[in-house]
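These are my notebook entries on one structure. I set down below what I looked up, entry by entry.

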Amino acid sequence: MTSTPVLRLSGITKRFGPLVANDAISFELKRGEVIALLGENGAGKTTLMNILFGHYVADEGTVAAFAKPLPPGDPHAALDAGIGMVHQHFTLADNMTVLENIALGTQSLWRPRLDRAAARSRIGQLSADFGLAVDPAATVSSLSVGERQRVEILKALYREARILILDEPTAVLTPAETEALFRTLKLLVAKGLSIIFISHKLHEVMAVSDRVLVLRAGRLAGERETKSTDRKELAALMVGQEVKPAEVTPVQLGAPLLLLDRVSTARHNGAGLDEVSLTLSAGEITGLAGVSGNGQAALAALIAGTRRPTGGSISVAGRAIGDWSPQAALGHGIARIPEDRHAVGTIGDMSVMENVIAERYGSPRFSRMGFLDWKAARAFAEEIIADYDVKCPSPEARIRLLSGGNMQKLILGRALDPEPAVILASQPTRGLDVGAVAYVHRMLLAARERGAAVLLISEDLEEILALSDRIVVMSKGRLSVPSARGERSIRELGELMAGHGGEQAA
Amino acid sequence: MLSHSHLKPLEGNIMRLEPKPAPSLAITLLFPVAAIVATLLLTSLLVLAAGASPLSVFYLVAKGAAGSQFALLETLTRATPLIFTGLAVAVAFRAKLWNIGAEAQLYVGGIVTVVLGTGALPLPSVVLIPVIMLAAMMAGGLLLLGPAVLKTRFGVDEVVTTLLLNFIVLLFVSMLLEGVLKDPMGLGWPQSQKVIAEAQLPRIIQGKRLHYGFVIAIISAIVVWVIMKKTVLGYEMRAVGHNPEGARFVGIPVNRVLMKTALLSGGLAALAGFSEVSGLKGNLTLDLSPGYGYSGIVVAMLAMLNPLGVIASAIFVAGIFVGADAMSRVAKVPSYIADVMVATSLLTMVVAILLTRFRVRWK
């Protein structure tokens, strides 16, 4: 490793209104080095990278690449300087081939025809050099998530990127794919590329980086050589305090409350369900692990009532369900915590008060003769705000102005206040800070102790392992045989996630 | 903590727009005033180009709109149909049902009024007028129900269907006026018979044109305000308008709400046709509306979709039209300046609304 700095950020500050997203952040990236940018969601990692890449303009501070200052707010300048970024959400054209996606926009507009042969041989060379196997002629829509990510990396390399930024690259990968990615990264740095690896997963950061920068609440909380630190120290830097894991007490298993019998559905944000059978029992948290896009969204939508089954049957508390809808699900005592709290869980431009009554506004408690009782609604909102420790200016505040954690607490309050029998928690802690995560976990465990049946869908395997009494793995729309707490190792779960072995006997 | 998914600035090459927190009441009230001032400044350029003094022209417009009892009553008369169509648009737009067809619904209201009001129902006024109003509202509502069903069932864009229905309905009226509804005593003009005395809305002041349609319009605005603010339906409509997917998730019957919105919106627009025929014109002609349905969109937007604001913005828009007519008779500036003023005020208002929500940063 040489010590030439290829990238230098000096005193970057970015404010959004009263919020300081980045506060005087400075660091250098050396040639052939992997820096891990570690921090909770909301710590300012993505903002910083967006400034580096020219999507945002910093209020203060400068960026220099290869000793030349980058003009702020110009993504082309960053590209020209040899900075490539692989976003969390891919930016590929699904209906075009891998080759077209990679070569797209690299050629002068004055040359209408793409020189496919030259492009193909270059892509082949890059693929072979860095272990990025992918068929250039394949249509992107036919590729797996891991393959798509390889296309994104190839795209950056094709544009002769010397600095590669990867934003949470492993969130969508299986454990095996993650290992392949890490091997690729090692090959890249061996060729002299420099990498910024953004993550909030400690074990990955330890595995892949040379140096770790920890961001907390917009500030650089610490900088460590990877070999002279450990996960515990990094976690403390990241959170600012020691985190205690949630305590799980044994609970008597009760009656089955929700029963899916060979249920199938249409595709929905990924795979649909393929003859899935699942029983949720009182006093039990069932953890559903899996790589994103394998049918979790379809299962969540089915239980939430927003999608109807195309086959099979659902029964709640022993009674078969006829007509299925969100109203029916709520009526049967199913509480729903949706995956996307902004687009689905709340109505952003309406007030806190209007949002907390949204699942029950038709009940006699909140409406009479078609008129809403705003006094009752406000009282209920104040109750939820107090009971669930929501920080918000008033029940009249637009819910959009709340932070993710407070929004989630309101959704929790709305869902859990009626003491539901069944709780569907879909990615309930995604994007939350550590305090809010612990709070959500406590609430789910409390519901379990009270005798609720909880289905926890999460991409965070550690969360699943910590909370679940029983774990099922979803792959390609099918469920594995359940395993009890501690029965399967992470490696075994990982193989099930990748679709190997142990499918459910129908 | 910053959540990126909902605080995205809008990025362009020349400027960027950053979201602002909720505007204060003072700002919310100040911006429409600023928009009107900007409108006057912009249109004064045209007035200068026409060779007149902007100040005297605007004075004449104001005098023509509100400078005498006659002028004021004329403005309120002209505002009456605009209140109805403005409410129709405000209600629909609030639920993001893009009803561009208030013009068609207005004419349907007019058709129902002459069909039932020319002697077919021999009833006293107190019964006949409510019956006609209800029937007109139902007809207007049903006319918008079609596009709403097509939207929810098949995803057909209601902007297109409601807009095209305007032309279809106008041709249909033309067919009726040349056929079954043609007044045999009309000397061949395409007009219907006059409605009978029992079907007429009385004048508010004897001998003046202002009629009780204006009172009904004000009451309608208050009723719509109550619906939007206080009722379950209003709550559902706002939720569906802000976030249909979220509304569906929490169990709001989105499609049914859109149907109810369509019935209410179409019904309100039809009341404009009823009120024009029954209160002012007496019969149905092809020029019953000089585009009140379209102006209703401007009225609703100027009012920021607030039902009570619709009253004020309808009077403002009507005043400009009436005042410009009066002004053009004195100054040598064509009354088309009224169209420009109304159109400009819409644009400045849209900009003002944008500025209350976003902060502009120039690059």
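**Helix H5 of chain A**

I looked up which residues of H5(A) are buried, and they are A:Gln149, A:Arg150, A:Val151, A:Glu152, A:Ile153, A:Leu154, A:Lys155, A:Ala156, A:Leu157 and A:Tyr158. I call a residue buried if 20 or more other C-beta atoms lie within 10 Å of its own, exposed if 12 or fewer, and partly exposed in between, with C-beta atoms placed from the backbone. Helices (H or I, at least four residues) and strands (E, at least two) are DSSP runs, numbered from the N terminus.

I record that this is a predicted model, in which local features need pLDDT of at least 70 and side-chain atom pairs count only at pLDDT 80 or more, while totals for chains, interfaces and linings use all residues. Residues are numbered from 1 along each chain as its sequence is written, and chains are lettered from A and ligands numbered from 1 in the order in which they are written.

Because 10 of the 14 residues of H5(A) are buried, I note this helix as largely enclosed by the rest of the structure. Its cover over the buried residues includes strand S6 (83–86), helix H3 (98–103), helix H4 (116–130) and strand S7 (163–167) of chain A. Helix H5 covers residues 145–158 and reaches 20 Å from its first C-alpha to its last, close to the 20 Å expected at 1.5 Å a residue; the expected span is 1.5 Å times one less than the number of residues. Just after H5(A), I find A:Glu160 with a positive phi of about 60°.

**An open sheet in chain A**

I traced an open sheet of 4 strands, in the order S2-S1-S4-S5 (chain A), with antiparallel pairing. Its edge strands are S2 and strand S5 (68–69) of chain A, each of which pairs on one side only. Two strands pair if DSSP finds at least two bridges between them. Strand S4 (residues 60–65) of chain A and S5(A) are joined in the antiparallel sense over 2 bridges. I also looked up the bridge partner of A:Ala64 in S5(A), which is A:Pro69.

**Domains of chain A**

The assignment gives domain 1 (5–239), domain 2 (244–333 + 420–506) and domain 3 (346–418) of chain A; the bounds come from an automatic or database domain assignment. The centres of domain 1 and domain 2 of chain A, taken over C-alpha atoms, are separated by 33 Å. Between these domains, 10 residues of domain 1 are in contact with 11 residues of domain 2, where contact means C-beta atoms, placed from the backbone, within 7 Å.

**A:Ser483**

I located A:Ser483 in strand S23 (residues 483–484) of chain A. With 18 other C-beta atoms within 10 Å, A:Ser483 is partly exposed. Leaving out residues up to four places away in sequence, A:Ser483 touches A:Ile471 and A:Arg488.

**Chain A against chain B**

How many residues does each chain bring to the contact? Chain A brings 39 residues and chain B brings 26 residues. H11(A) gives the most to the side of chain A that touches chain B, with 4 residues.

**Chain B overall**

I list 13 helices and 3 strands for chain B. Buried residues make up 46% of its 363 residues. The C-alpha trace of chain B spans about 70 × 60 × 35 Å along its principal axes.

Key: Contact = placed C-beta atoms within 7 Å.
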